[in-house]
Protein chains: 2
Amino acid sequence: MTTLPGQLNPTPRLLLGPGPSDAHPRVLSAMATPLLGHLDPQFLQLMTETQQMLRQVYQTTNPLTFPVSATGMAGMETCLVNLVEPGERVLVCAKGYFGGRMIDVAGRAGAEVGVLEVPWGQVFDLDQIRDRIRAFRPRVVGIVHAETSTGAWQPLAELGRICHEHDALLIIDTVTSLGCVEVAIDAWEVDAVYSCSQKGLSCPPGLSPISFSPRAVEKLTSRKSKVQSWYLDLTMVQSYWGSERAYHHTAPITMIYALREGLRLVLEEGLTARWQRHLHNHRALKAGLTALGLHYIAPEGHQLPQLNAVRIPDGVDDLTIRKRLLTEFGIEIGGGLGEFKGKAWRIGLMGHNSRPSCVLQVLAALEHCLNQPGVGVAAAEAVYAQAA
Amino acid sequence: MTTLPGQLNPTPRLLLGPGPSDAHPRVLSAMATPLLGHLDPQFLQLMTETQQMLRQVYQTTNPLTFPVSATGMAGMETCLVNLVEPGERVLVCAKGYFGGRMIDVAGRAGAEVGVLEVPWGQVFDLDQIRDRIRAFRPRVVGIVHAETSTGAWQPLAELGRICHEHDALLIIDTVTSLGCVEVAIDAWEVDAVYSCSQKGLSCPPGLSPISFSPRAVEKLTSRKSKVQSWYLDLTMVQSYWGSERAYHHTAPITMIYALREGLRLVLEEGLTARWQRHLHNHRALKAGLTALGLHYIAPEGHQLPQLNAVRIPDGVDDLTIRKRLLTEFGIEIGGGLGEFKGKAWRIGLMGHNSRPSCVLQVLAALEHCLNQPGVGVAAAEAVYAQAA
């Protein structure tokens with residue numbers, strides 16, 4: 001390279017895809033703060049505060065609650081490699097792309113993996129899962145709460161109890177749910193949960209908040225084999241995030257600054273108010289999308305407010321429209337993954353981006369590209385007007 | 001928690017420990033930039049630019065050169081889990097704390113690990129390593145270039161050739177060397193290298209830049225077993241960082257912004273000028289430390305300019321002095337690790353922080369705490385005066 005790349009100067013975007021969602025301006029400001037050392041008493045205090053807030057957002061008292069120093073998929077791997085010993089049975093309930101990944105990750109952890117599937121876009125009936133647990137007798141059950149590939153919202157409140165009645169631990173994926181809809185780790189009897197920073201928490205990608213129940217910690221500490229990943233080995237990492245604060249790896253300081261600010265924003269608003277806001281803006285968006293003839297993939301009653309996955313109408317070209325949204329309007333929405341490639345759009349209203357101005361912007365841009373001027377925005381405005 | 005933690009407001013620090021070192025102000029500014037999506041064409045271009053600059057800094061043409069989405073230790077794990085198949089022999093040359101970690105990580109990857117050791121603080125003679133390679137016949141050899149725990153600088157220029165003569169791949173750890181002293185991946189015939197973002201590159205912690213030689217890629221693509229880590233599996237990750245740009249995991253956008261800016265700073269300065277600057281400020285610091293009666297752990301000729309590890313004099317209490325440096329002067333230096341705990345100080349002059357004002361500040365603070373007013377600063381100033 002003879003000349004160096006120029007100053008960072010990205011075109012402003014509105015990120016309304018499946019994530020990353022826009023970071024809140026206060027989060028971005030926090031990230032420009034000079035560093036503390038990872039063992040500085042002031043940084044240790046920021047870690048404690050981050051953990052306390054994270055417990056509130058997860059609705060748990062689990063001591064082992066902290067952000068893994070990598071993105072969401074590392075959270076999935078952390079849960080599986082720590083809770084599974086080679087040869088143990090793991091049941092993965094897969095209803096989309098990310099459930100499929102859990103099968104792969106569990107297999108690499110040495111598990112004997114059993115798979116329960118429903119067609120993409122559907123959710124599980126808990127009786128189905130109970131029956132399969134009885135037949136397969138897994139030590140661990142894994143399931144995705146908010147399936148990012150289909151927009152389907154899996155009810156989970158009773159699943160922990162069912163797992164515990166059958167001596168299995170429950171791992172749930174809340175990558176696309178935390179900070180958007182209710183996640184209640186203790187009430188739901190969840191043993192291990194992971195999420196990400198770049199969706200409902202309105203931070204950049206880079207961290208995976210996790211929480212392990214006392215039952216999960218007991219399994220962890222009674223392992224016979226070493227955790228195969230050094231970096232994700234919670235028997236060691238918990239010494240840094242626990243009371244000892246013993247050095248393991250250098251924490252990603254700036255990302256922790258970001259997460260702390262993102263959690264402050266969640267709790268300033270209040271969990272219930274935040275979930276209500278996500279529902280409210282979803283209703284407006286849904287009215288607009290429906291008016292434009294865009295139909296949800298997930299069944300009524302199981303549609304995620306924060307991730308609106310709709311079928312692309314016949315005769316409409318996926319890439320053409322998404323490219324126009326990006327270049328003419330600066331709006332990013334998501335295409336389909338896996339079997340929905342080219343067939344679905346995924347519109348995210350996550351965290352900070354779940355607000356009327358985002359709903360109206362994306363509908364205005366979509367109706368313009370679909371040659372249906374006014375149709376989507378009017379329908380959304382009617383929902384907002386009714387609520388006012 | 002009834003009240004929320006307040007606004008982020010850390011006391012300004014000067015980070016002169018073993019890392020993190022201070023992020024450059026331009027890097028911090030870059031991190032406040034709003035996000036692009038991880039598949040946005042503009043972000044893909046930023047990735048390409050980051051890779052091109054990283055290749056220059058590593059002095060390599062290796063196509064497979066990119067930052068792993070996690071901190072430096074994940075880079076070590078990435079190299080080992082991708083290049084080792086269960087049962088293969090790995091020789092680790094350990095001369096300090098981080099060499100010791102490599103033994104652990106290689107073992108978890110299923111390797112039959114052989115260990116060659118010298119006392120902490122020493123470096124290896126390459127003949128020693130050659131003899132051990134002949135006897136043990138490893139498939140992979142691992143060694144640390146700049147041992148962060150002892151400040152010892154391992155000569156490596158001929159080791160790649162020796163490994164290749166014996167059909168072994170060479171992995172080197174440049175966590176504490178990249179951006180501070182010469183690292184020449186192609187000329188040294190290195191097969192896999194990892195580093196970090198928070199030292200010589202003057203970014204926050206959070207990324208681990210790696211590079212794999214064609215020989216390493218050949219080993220990777222001819223593996224018989226799946227890589228045990230999904231998150232670090234380069235057979236998949238390389239599709240995102242390669243020409244396909246296929247989705248694997250969501251890249252840590254903001255950290256990539258930071259790294260791109262950090263690499264721009266390195267190349268604006270020029271590699272040779274940067275290494276000279278590190279040497280120059282090291283000489284001044286060393287004169288000051290020596291005048292204060294602080295002696296280097298590593299032997300003459302093998303002392304890292306960017307990490308000055310010295311023995312704490314008898315009768316001086318480690319924690320007392322370091323606490324005073326932090327609270328009275330806002331300066332962080334490092335204590336000893338492992339067998340040097342309480343017995344060594346580690347003073348980093350890395351990247352942006354290798355400059356006269358840092359040298360003089362830390363010497364002034366140290367001589368104050370050690371009751372030797374003027375002694376250290378005067379010696380350093382004499383070095384600077386001589387050079388002027």
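In this predicted model, the centres of domain 1 of chain A and domain 2 of chain A, taken over C-alpha atoms, are separated by 28 Å. The contact between them draws 21 residues from domain 1 of chain A and 22 residues from domain 2 of chain A. On the domain 1 side, the touching residues are 10 nonpolar, nine polar and two charged. The domain assignment places domain 1 of chain A at 25–267 and domain 2 of chain A at 271–387.

Chain A as a whole contains 13 helices and 13 strands. With a radius of gyration of 21 Å, close to the 21 Å that the globule rule gives for 388 residues, chain A is therefore as compact as a globular protein of that length. Its C-alpha trace spans about 65 × 55 × 50 Å along the principal axes. Of the 388 residues in chain A, 58% are buried. Among the contacts in chain A with a separation of 6 or more, 72% join residues 24 or more positions apart.

Chain A also meets chain B: 63 residues of chain B are in contact with 63 residues of chain A.

By class, the side of chain B that touches chain A comprises 30 nonpolar, 20 polar and 13 charged residues.

Conventions
Residues numbered from 1 in each chain as written. Chains lettered and ligands numbered in written order. Predicted model: local features only at pLDDT ≥ 70, side-chain atom pairs only at ≥ 80, totals over all residues. Contact = placed C-beta atoms within 7 Å. Nonpolar A, V, L, I, M, F, W, Y, C, P; charged D, E, K, R; others polar. Domains from an automatic or database assignment. Helix = DSSP H or I, 4+ residues; strand = E, 2+ residues; numbered from the N terminus. Rg over C-alpha atoms; globule rule 2.2 N^0.38 Å. Buried ≥ 20, exposed ≤ 12 C-beta atoms within 10 Å, placed from the backbone.
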